[in-house]
Amino acid sequence: MFPMFVRNCHLKCAIASVSHFDRSNYQIPTTTPWNCSFHAGHGGSKGLNRHRILHSQARGINYQIKSSQFMDNMDFDLSVKDYLQKPPLSNSYETAMEALSSLITRPKRGIHSPFVSKYEKLDRMLMYLEILDLEEHIHGLKIIHVAGTKGKGSTCTFCEAILRECGVRTGLFTSPHLIDVRERFRVDGLDISEDKFLFYFWDCWNRLREHVTEELPMPPLFQFLTVLAFRIFVGEQVDVAIIEVGLGGLNDSTNVIKEPIVCGVTSLGMDHTETLGNTLGEIAAHKAGIFKPQVPAYTVPQLSEAMDVLQEKAHKLMVPLKVVEPLDYRKMDGLKLSLSGDHQLSNAGLAVSLCKYWLQRTGNWEKLFQHENHEANLPEAFLRGLATARLSGRGQVIYDTHSKSHNSSDVAENSSGDLIFYLDGAHSPESMEVCAKWFSSAVQYKKQYPQLFSSHDSESMKIVPGNGYIQCERSKYEESNKIIKKILLFNCMDVRDPQILLPRLVNTCAASGSYFSKAIFVPSMSKYNKVTSGTSAIPIEFSNQDLSWQFSLQRLWEKLLHGIDVEKNTKLDSVQALPPREFLYADASHCRPADGKLGCSAVISSLPLTIKWLRDCVRENPALRIQVLVTGSLHLVGDVLKVLKR
């Protein structure tokens, strides 16, 4: 069951049921409609509305920002309120997920999409925006547009937090999501609510469905989500929309943005080569595709091959391109970045420049900071944003709560500390090296990131900030009584090259003195043909699972560790039971790849079973501490988060 919205002078809402979705023939039956007013778009410049002023004052901000986004006409707000006051429809969200899943046009990454249309992608995007009456309103969103290979999600997250702390109503669109699709759409720092998501989703879905033709079919998944982001941010009357490019830049769905306030390009590297090209210069050309004539752009230091292309593109479009150095910690006034890793200094420096220019360009910088001296330090609002920004799955540390039942979404609460997950969705050679450095720093003593431990050792606790979770310090005596095992939990898409990723990870960790006791290779639960929600059921076991890719990863790992090619044989390629508990204790001397005894690695067919097995190992041995690095894929990181939060 789900609400339906029909494009008209009034917003008509009805209830319908559906058992099957079809991209080309799906029609929504209707029943008796109810009416409510609907006005999209923005009026003149009226300043912040009352609830936003009160929100800013509650945070200690005694100033008011001029907003060109807000309109006094509250008809739209009332229409949303009327919708939200309707009785909840328990299966409406899952129905929306089914609808989204019907827009997936290829079974997996790297497979050519069969999607065919008379029009080019960006032409279709403009037509979709026109259908939704959004085209002229996008300019009013005062957009910050960010492309790059590494760090664009972190940079966008820093931008959002900084501007929100400055009193600006923010909209943030990022990808991918890890647990729930609503993560992609943040308004004022929060994922959009389920009710509001459904309101905007069905509005877009039904209005687009009305205009479907053979020449203009429903948009594929990411194009629809991009259109939906614009619809949400226009409807929510945000002052700034921070838009992360999905893939590349030049031909990305987000590149319908014609007049952003400012553009940013994060660090560039070799990724998505099947789409963007096999050289750094070719990749840089795609990223520079978001540059718009005379619109200022900022980037971080790049390799010369990439920088030359960026500068050439900027010169042709008369774009003022500035290179931003990493943030100097001395300007942080004693605070630390909320996102872990030295590489975040580069992303933070870029975010600071983007936000400063945005505030200047929109006339708010002088108003907010005219009485502050920023020669030595950053404005306090900037510092708060940099110290509180949150981004799941990137340099994130989580205690497991395996020994206690919990209903809280905060998985760090009431944890034992004996099973610790280090999550980073690195999937390119450069990001894998960054991940390895971060992990090595996080798990070693007397480093920048203190060792984590269990909450029952409260007397020796020293709290320090982490990425949304608590990190603490043990005494040397307590640490000496623990058997510490570092485990790699890994998977990557088969369009990646693990022969580059795994050596980069292992060698960088080894250079920092960190060595993995074991490696476990698992398939992701996420399916490319299905969009799931945070409450979707998680099967414990997966029948008929193709694990050939995981076995190839295992062979590569064993060759990397022992310098021996592991023969392909039925014994190796068959999954039996879970590894025995002793698997965690056996050292490398027990691993004899030539005899088919792979004591240093394992393939497990189910991620939930893997985590259950790790929990059982720790529960049965109080002296054991397992530090699990989860990397290689954001899909795998998201799947781990789903399991841990259940």
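Biologist: Is Ser 353 buried or exposed, and why?

Modeller: Buried means under 20% relative accessible area, exposed over 50%, and partly exposed in between, with a 1.4 Å probe and protein chains only. Ser 353 has a relative accessible area of 18%, so Ser 353 counts as buried. This is a predicted model: local features need pLDDT of at least 70, side-chain atom pairs count only at pLDDT 80 or more, and totals for chains, interfaces and linings use all residues. Residues are numbered from 1 along each chain as its sequence is written, and side-chain values use heavy atoms, leaving out hydrogens and water.

Biologist: Where does Ser 353 lie, and which residues does Ser 353 touch, not counting residues up to four places away in sequence?

Modeller: Helices (H or I, at least four residues) and strands (E, at least two) are DSSP runs, numbered from the N terminus. Ser 353 lies in helix H11, residues 344–361. Contact means heavy atoms within 4.5 Å. Leaving aside residues up to four places away in sequence, Ser 353 touches Tyr 298 and Val 324.

Biologist: How many helices and strands does the protein have?

Modeller: The protein has 19 helices and 19 strands. Of its 646 residues, 57% count as buried.

Biologist: How do I read a sheet? What is the order of the 8 strands in the open sheet?

Modeller: Two strands pair if DSSP finds at least two bridges between them. The order here is E7-E6-E5-E8-E4-E9-E10-E11, and the pairing is mixed. Strands E7 (190–191) and E11 (321–323) stand at the edges with a single partner strand each, so one side of each has no neighbour in the sheet. Strands E4 (residues 144–147) and E9 (residues 262–265) pair in the parallel sense over 4 bridges. Ile 144 has Val 262 in E9 as its bridge partner.

Biologist: Which helix packs on that sheet?

Modeller: Axes are lines fitted to C-alpha atoms, for helices over the stretch in contact, and angles run from 0 to 180 degrees between N-to-C directions. Helix H5 (residues 152–165) packs there, touching E4, E5, E6 and E8. The direction of H5 makes about 170° with that of E8.

Biologist: What is the order of the open sheet with 6 strands?

Modeller: That order is E12-E13-E19-E16-E17-E18, again with mixed pairing. E12 (396–399) and E18 (601–603) are the edge strands, and each pairs on one side only. On average, neighbouring strands of this sheet are turned by 20° against each other, direction ignored. E16 pairs with E19 (residues 624–631) in the parallel sense over 8 bridges. Lys 485 stands opposite Ile 626 in E19. Helix H17 (residues 548–562) lies across E16, E17 and E18, running at about 175° to E18.

Biologist: How many aromatic pairs does a search of the whole structure find?

Modeller: A pair of aromatic rings is described by the distance of the centres and the angle of the planes. Rings of Phe, Tyr and Trp (its six-membered ring) pair if their centres lie within 6.5 Å; planes under 30 degrees apart count as stacked, over 60 as edge-to-face and the rest as tilted. The search finds 22 pairs. Take Tyr 422 and Trp 438: their centres are 6.1 Å apart and their planes at 65°, so this pair is edge-to-face. Tyr 422 lies in strand E13 and Trp 438 in helix H14, so the pair ties together parts that are 16 residues apart in sequence. Both Tyr 422 and Trp 438 are buried.
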